[in-house]
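Dear colleague,

I am handing over the structure below, and I would be grateful if you could look through it alongside the notes that follow.

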Amino acid sequence: MAFRFVRVFSSRRTLTTFQNSRVVPVTFKHKNLIPVLSRTYTTPITPPPPPQSNPQSDNSSNKILYLIGAAALIGGGSYYLYTNNLVKDIGVSENKVPDKPKVIDYQKIYNQIADILEDNDYDDGSYGPILVRLAWHASGTYDKNTNTGGSDGSTMRFSPESDHGANAGLKTARDKLEVIKLANPGITYADLWSLGGVTAIQEMGGPIIPWIPGRKDAEDGSKCTVDGLLPDASKTSNHLREIFGRMGFNDREIVALAGAHALGRCHPDRSGYSGPWTTSPTLFTNDFYIELLKKKWQEKKWKGPKQYVDKETGELMMLPSDLALIQDKKLKPYVEEYAKDEELFFKDFSAAFHKLQELGLTRTGEETVYRFKRTSDEEVKK
Ligand code: HEM
């Protein structure tokens with residue numbers, strides 16, 4: 001089966017950054033770029049083989065020591081240059097801890113996040129899907145009855161919420177955004193995670209999602225939400241109504257939000273499930289609904305949790321909670337609508353995802369609502 005992958009990243013300029021004590025070239029697209037500290041977009045360079053030990057030659061071991069020293073110096077120098085660039089990038093003097101700026105340039109942060117999405121060594125080539133999942137899990141804990149949970153607080157930084165089974169694997173996404181936080185100390189984690197989801201959706205070809213900043217970070221784990229607030233993939237429509245209803249979503253919104261499963265995949269070491277939903281897991285489309293209706297789904301024969309695979313190839317998957325969307329008579333018509341009309345899906349998804357990101361926040365109505373330009377739009381203009 002041919003998988004379609006988006007490669008929306010282009011016209012990069014090359015910089016040098018520091019990876020595993022080796023200086024390697026990395027490419028970035030934007031002026032205000034953020035070097036990736038732990039990963040690179042390029043094919044990793046194979047480190048030279050460890051020197052053979054030769055007990056007869058003190059000279060050679062000295063040479064090795066010199067080499068290590070030189071590498072450390074080059075490394076330290078590169079890191080110094082890197083942090084300097086970063087400091088210049090955020091426009092503050094070199095010897096000062098960056099102040100939290102009064103006015104934050106969110107489009108600039110959007111562009112920086114866009115720059116770190118692609119990585120050929122990660123999953124299907126993009127961190128986009130896992131950033132969407134982070135934004136969703138950070139906000140999907142909302143309870144409208146108690147006005148607790150939601151996207152304010154970024155409580156998933158703390159245990160026990162970080163260890164909740166539903167959040168398995170999301171450390172990868174949180175860590176990925178650290179470099180953006182470092183360069184933009186003024187943005188809260190809660191806003192950053194939310195903006196990460198919005199950026200990822202738009203950059204993977206999805207709709208513009210109106211976005212409002214203003215989320216605060218909790219000081220500690222005392223406001224962590226209880227376990228079990230996010231949906232259980234082994235359950236069906238009544239459970240989905242219960243969970244999403246608690247957040248304030250109706251049937252139509254449940255189906256619209258579930259369309260995000262066009263993106264990404266299940267990982268056996270995270271949820272226990274396995275495989276992607278669509279053949280284009282880094283592209284935001286209405287393919288989730290199309291596949292759900294078009295393919296014949298049969299139970300996967302394996303030792304893992306109950307899930308479905310397409311009969312034809314066995315390469316695509318559906319969770320029991322996904323199939324519930326066409327087993328439930330009230331939900332299925334929405335699946336059919338969205339499969340037929342991608343524009344309608346984009347419109348409804350945008351509204352529902354915006355609403356999801358607003359859960360748990362008190363707004364005055366006076367806030368600035370941001371609509372970010374996709375980086376591909378910017379490139380077209382140049
Ligand atoms: C309807 C109830 C839902 C259930 C039961 C569910 C369950 C799951 C599960 C089990 C995974 C696999 C995690 C892994 O193994 O890495 C997953 C991944 C994902 N979910 Fe959901 N989810 C639901 C709704 C949503 C919603 C509302 C969104 C966003 C609007 C969303 C976005 C994603 C994305 C993008 C991934 C892929 C992550 C990756 O590739 O790393 N899901 N979901």
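In what follows, a residue is taken to be near a molecule if its C-beta atom, placed from the backbone, lies within 6 Å of it. Please keep in mind that this is a predicted model.

Of the 24 residues around the ligand, those that come nearest are Pro129, Ala260, Gly264, Arg270 and Ser271. Sorted by class, this shell holds 15 nonpolar, six polar and three charged residues. At least two residues of the shell come from each of α3 (128–139), α8 (251–258) and β3 (265–266), and α3 gives the most, with five residues.

The other part I looked at is helix α6 (residues 189–203), whose 15 residues should span 21 Å at 1.5 Å a residue, and the end C-alpha atoms of this helix are 20 Å apart, which agrees. Because 15 of the 15 residues of α6 are buried, this helix is largely enclosed by the rest of the structure. After α6 comes Gly205, which has a positive phi, near 100°.

Helix α2 (residues 106–115) packs against α6 at an angle of about 65°, with the two axes 9 Å apart, and the crossing in which α2 passes α6 is right-handed. On the α2 side the contact is made by Tyr106, Ile109, Tyr110, Ile113 and Ala114, which meet Leu195, Gly196, Thr199 and Glu203 in α6; the residues of this contact divide into six nonpolar, two polar and one charged. As for the spacing along such a helix, an α-helix has 3.6 residues a turn, so residues three or four places apart point the same way.

With best regards

Technical notes:
Residues numbered from 1 in each chain as written. Predicted model: local features only at pLDDT ≥ 70, side-chain atom pairs only at ≥ 80, totals over all residues. Helix = DSSP H or I, 4+ residues; strand = E, 2+ residues; numbered from the N terminus. Expected span 1.5 Å × (residues − 1). Buried ≥ 20, exposed ≤ 12 C-beta atoms within 10 Å, placed from the backbone. Axes fitted to C-alpha atoms, helices over the stretch in contact; angles between N-to-C directions. Left-handed = near helix turned anticlockwise from the far one by under 90°. Contact = placed C-beta atoms within 7 Å. Nonpolar A, V, L, I, M, F, W, Y, C, P; charged D, E, K, R; others polar.
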